[in-house]
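Morning, everyone. Please take a look at the structure on the screen, and then we'll walk through it.

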Amino acid sequence: MRFKSGLALLLFILMSTVSVSAQEPASAADQVEKYKAQLFELQSKEATLRERLAQLDEAIKPENIERSLAGVGSTRPEELREARRRQLSIERDTVLAQLQTIETTRARLESALANAEAAAYQESARPKSTSAGQIMAVSGGVSQRIMFAGGGLLLIVLGGAGTLLYRRTRLR
């Protein structure tokens, strides 16, 4: 029973470390690329909205409203013109609100991009462990193990010799 709970705990720890490492981004350079792609997409949306805003600004002019309703017959053309102007104004306000949201998002993305670029620079400036450095670390670990094992063996031999010496002096 104890073995099964230990095994379950080990599996839980392994699964949690795998899920945590899967959630972390691969590198700061990957984050930079992701932010750049998002910023490009946002700029594209912004250009589309600015183009639409220019169209609405042109369409809302009184002479263009007149021209757009020229083929529509009505006994109350003033009401038609006012309704068209309100419709264009509402659409223009919506586009302006979307542009404001994009401005805020762009500022946030630019800040995140700057932070990610700084992190990528720091990541690239860190020394990478080379195979020679890894060999030295492994050999350093091996020499420490040999030293501890040798020291332990020496203590066992000295303890055994001390015990033998004690018994011999006691038996005499």
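**Two helices side by side**

Let's start with a pair. Helix α2 covers residues 28-59, and helix α4 covers residues 77-125. Their axes come within 8 Å of each other and cross at roughly 160 degrees. Angles over 145 degrees count as roughly antiparallel, so α2 is roughly antiparallel to α4. Why give both an angle and a distance? Because two packed helices are described by the angle between their axes and the distance between the axes. And which hand does the crossing of α2 and α4 have? It is left-handed. Now the residues in the contact of α2 with α4. By class, 21 are nonpolar, 13 are charged and four are polar.

Let's zoom in on one residue. Ala107 sits in helix α4. Now look across to Leu39. Ala107 and Leu39 are 68 residues apart along the chain. Their C-alpha atoms are separated by 9.7 Å.

Now step back to the whole protein. It has five helices and zero strands. From the N terminus on, the elements run α-α-α-α-α. The protein has 172 residues, and 15% of them count as buried. Take the contacts between residues at least 6 apart in sequence: 79% of them join residues at least 24 apart.

Next, confidence. This is a predicted model. The mean pLDDT of the protein is 77, and 72% of its residues reach 70 or more. Where is confidence lowest, and where is it highest? It is lowest in helix α1, residues 2-23, with a mean of 42. It is highest in α2, at 94. Over residues 1-23 the pLDDT is below 50. Beyond near neighbours in sequence, that stretch has zero contacts in the model. Where pLDDT is low, the predicted coordinates should not be read in detail.

Technical notes
Residues are numbered from 1 along each chain as its sequence is written. This is a predicted model: local features need pLDDT of at least 70, side-chain atom pairs count only at pLDDT 80 or more; totals for chains, interfaces and linings use all residues. Side-chain values use heavy atoms; hydrogens and water are left out. Axes are lines fitted to C-alpha atoms, for helices over the stretch in contact, and angles run from 0 to 180 degrees between N-to-C directions. Helices (H or I, at least four residues) and strands (E, at least two) are DSSP runs, numbered from the N terminus. Angles under 35 degrees count as roughly parallel, over 145 as roughly antiparallel, 65 to 115 as roughly perpendicular and the rest as oblique. A crossing is left-handed if the near helix is turned anticlockwise from the far one by less than a right angle, and right-handed if clockwise. Ala, Val, Leu, Ile, Met, Phe, Trp, Tyr, Cys and Pro count as nonpolar, Asp, Glu, Lys and Arg as charged, and the others, Gly among them, as polar. pLDDT is the predictor's confidence in each residue, from 0 to 100. Contact means heavy atoms within 4.5 Å. Buried means under 20% relative accessible area, exposed over 50%, partly exposed in between (1.4 Å probe, protein chains only).
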